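We will take a short tour, one selection at a time.

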Amino acid sequence: MLKKLLLAATIACAAAPAAHAGAGPLVLGTAANPPKGPGPGKVFVVNPATRTAQAASFAKAGTPAGNSFYAGYDAATRTVFVPSPIGRITMLNAETGRRMGAFPTIKGARVARVLPRERLLVVLSAKTLAAYSLAGHQTVFTLAVGGNALATNQAETELYVGGNMDRQISVVALPSGRVVRSYPVARSGDLVTADGQLFSADMMNGVMSVIDTVTGTITQIRTPEIDPHFSYAAIPHATAGFMQLATSPDGNTVYAAGFSGHILKFSAQTAKYLGEIAVRPAKGMNQLSGLAVLDHGKDALVTVENRHEAALVSLRDGKVSHLFKGVASNRWIVAAGH
């Protein structure tokens, strides 16, 4: 059964207007944890419309099996696929939190993505990419391509793979699983596609690279999201750096959560930087990480990592309308189809 969070500040909040009660999609994310070692073994399920959050367990807390970064979601079956570095995918029902089974996957896996058109589940570790059929979980292909970031084109004929430690973005043809080309863009902290453009966020130097996937032209956009003393070994102490990317529903705008406490905006049509939105739920540092765009592009759910909470904010002015205490994920996914 899906367990309600015991933190009263999270769930004992003002109800949403009756006309919107229960409306809108859920937002899912594995509980934030470090890149290596034990993890909390939880998936958060947030309902922005009702201002409620719940948690479901996918593994024992405080074990390596409980470490996960980016869960996959299949809207057709309302199934959450949670990867774990021990080499296991755990399946949960998004609405009840009930465990639906598990199957083996590649060792070190912390990232999963569902491709609904191809009916594939792709799983990524630092060294390996694997794809499985959604129907029976049979292995479709395994490649020696690793990283921590995945994106696909709209037609799901190409998969883009990058990572913080990689010197390039690999392009994998689907469903064959062949590497067909690469882009000379290093350090992809996250990847997203919008309007035929591939956006790659470099958290080390605050540069957003925009790749035209038709022509291969690369535009690099410098932003204020820079910590001159940034170190991958000490990310929790960073004062700036790109985290999760997200797109507006119309595909015209790309948003980036910044560790500086800002959500940055970019045009997918012109590859231009459009400015930033300050998010200030409290005084002092507000290090943003996980990001999901909601309500037809009007609002966002963003993790304030150093405060172990998530904020529901306006994408117009950054105003915080609700805080989910004790709820934090490094990567959120909007569960469309609810």
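Among contacts in the protein between residues at least 6 apart in sequence, what percentage join residues at least 24 apart? The figure is 44%, where contact means heavy atoms within 4.5 Å.

Before you click further, a word on the model. It is a predicted one, in which local features need pLDDT of at least 70 and side-chain atom pairs count only at pLDDT 80 or more, while totals for chains, interfaces and linings use all residues. Residues are numbered from 1 along each chain as its sequence is written, and side-chain values use heavy atoms, with hydrogens and water left out.

**Stop 1: the whole protein.** Show everything as a cartoon. You are looking at one helix and 29 strands; these are DSSP runs numbered from the N terminus, helices being H or I with at least four residues and strands E with at least two. The C-alpha atoms fill a box of roughly 50 × 45 × 40 Å along the principal axes. Buried residues make up 56% of the 338 residues; buried means under 20% relative accessible area, exposed over 50%, and partly exposed in between (1.4 Å probe, protein chains only).

Stop 2: Select residues 242-247, which are β21, and 272-278, which are β24. They belong to a four-stranded antiparallel sheet with the order β21-β22-β23-β24. Both stand at the edges with a single partner strand each, so one side of each has no neighbour in the sheet. Strands pair here if DSSP finds at least two bridges between them. To see one of them, pick Lys265, whose bridge partner in β24 is Gly275.

**Stop 3: aromatic rings.** Which residues do ring pairs link into a cluster? Select Phe242, Phe266 and Tyr273. Rings of Phe, Tyr and Trp (its six-membered ring) pair if their centres lie within 6.5 Å; planes under 30 degrees apart count as stacked, over 60 as edge-to-face and the rest as tilted. The whole structure holds four aromatic pairs. Phe266 and Tyr273 have ring centres 5.4 Å apart and planes at 45°, so this pair is tilted. Phe266 is buried at 0% relative accessibility, whereas Tyr273 is partly exposed at 26%.

Next, select Phe230 and Tyr232: their pair is edge-to-face, with 5.3 Å centre to centre and 90° between the planes. Phe230 is buried, at 11% relative accessibility.
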